[in-house]
Amino acid sequence: NRYYLGLSDGSNIGQLLVGGVYPIDDASAAGLEYLNLHMTDAYNEHAITASYGRRMGTDFSLGANFKILVKKYAEDPYTSQNSVFLTYGYSKTRVALDLGASYRWEDCALALVLTNFNQPNMGLAAEDPVTAGVRLGFAYRHDFMDFACDFARRMMPSYRENWHHRL
């Protein structure tokens, strides 16, 4: 998809997401995802995610994501003379990790996810850690209604820390 068409500088921003899940057996599944965010002839971000989840008994499940993150800048008249790119290069590749757990009982479920908990540094010259996060979710299923809510916190520098919630 292309976003922000008709920008005054003529650039286009686009995003691509492709993924799938494969059930391994009755208690586990594996997934693979590719995400790309790009700005024509200037910048590219790629994330390749391998996921695995397993039910541990009848009520408890665990899962993890292993993500390869890539950030690339294009070589152009500006970047080819910029000391940051000349010194540190045009790209950065790092690994990010997520962990999750869920517990189900009767018609309810509770889940906790830690995202990017290793906070890989994606900066070229300066520190630019990927923001870690915590997400806690609750769900209730009844005959005619489903109710779900989650709370999320991004571990950002103190001036930007925040909690989000939704129903």
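A contact here means heavy atoms within 4.5 Å. Among contacts in the protein chain with a separation of 6 or more, 34% join residues 24 or more positions apart. The model is predicted: local features need pLDDT of at least 70, side-chain atom pairs count only at pLDDT 80 or more, and totals for chains, interfaces and linings use all residues. Residues are numbered from 1 along each chain as its sequence is written, and side-chain values use heavy atoms, leaving out hydrogens and water.

**Fold**
- The protein chain has one helix and 10 strands, taken as DSSP runs numbered from the N terminus (helices H or I, at least four residues; strands E, at least two).
- Along the sequence the pattern is β-β-β-β-β-α-β-β-β-β-β.

**Surface and burial**
- Of the 167 residues, 21% count as buried (under 20% relative accessible area; exposed is over 50%, partly exposed in between; 1.4 Å probe, protein chains only).

**Nonpolar patch**
- A nonpolar surface patch of about 1,000 Å² includes Met-56, Phe-60, Leu-112 and Phe-151.
- Strands S5 (60-73), S6 (91-105) and S7 (108-115) each give two or more residues to the patch.
- Leu-112 lies in strand S7 and counts as partly exposed because its relative accessibility is 40%.

**Cysteines**
- Cys-108 counts as buried because its relative accessibility is 16%.
- Cys-149 is also buried, at 15% relative accessibility.
- The count of disulfides is zero (a disulfide is a pair of cysteine sulfur atoms within 2.5 Å).

Conventions: Patch = residues over 30% accessible without salt bridge, like charges linked within 9 Å, V, L, I, M, F, W, Y side chains within 5 Å. Areas by Shrake-Rupley, 256 points an atom, 1.4 Å probe, with all protein chains shown as cover. Salt bridge = Lys/Arg side-chain N within 4 Å of Asp/Glu carboxyl O.
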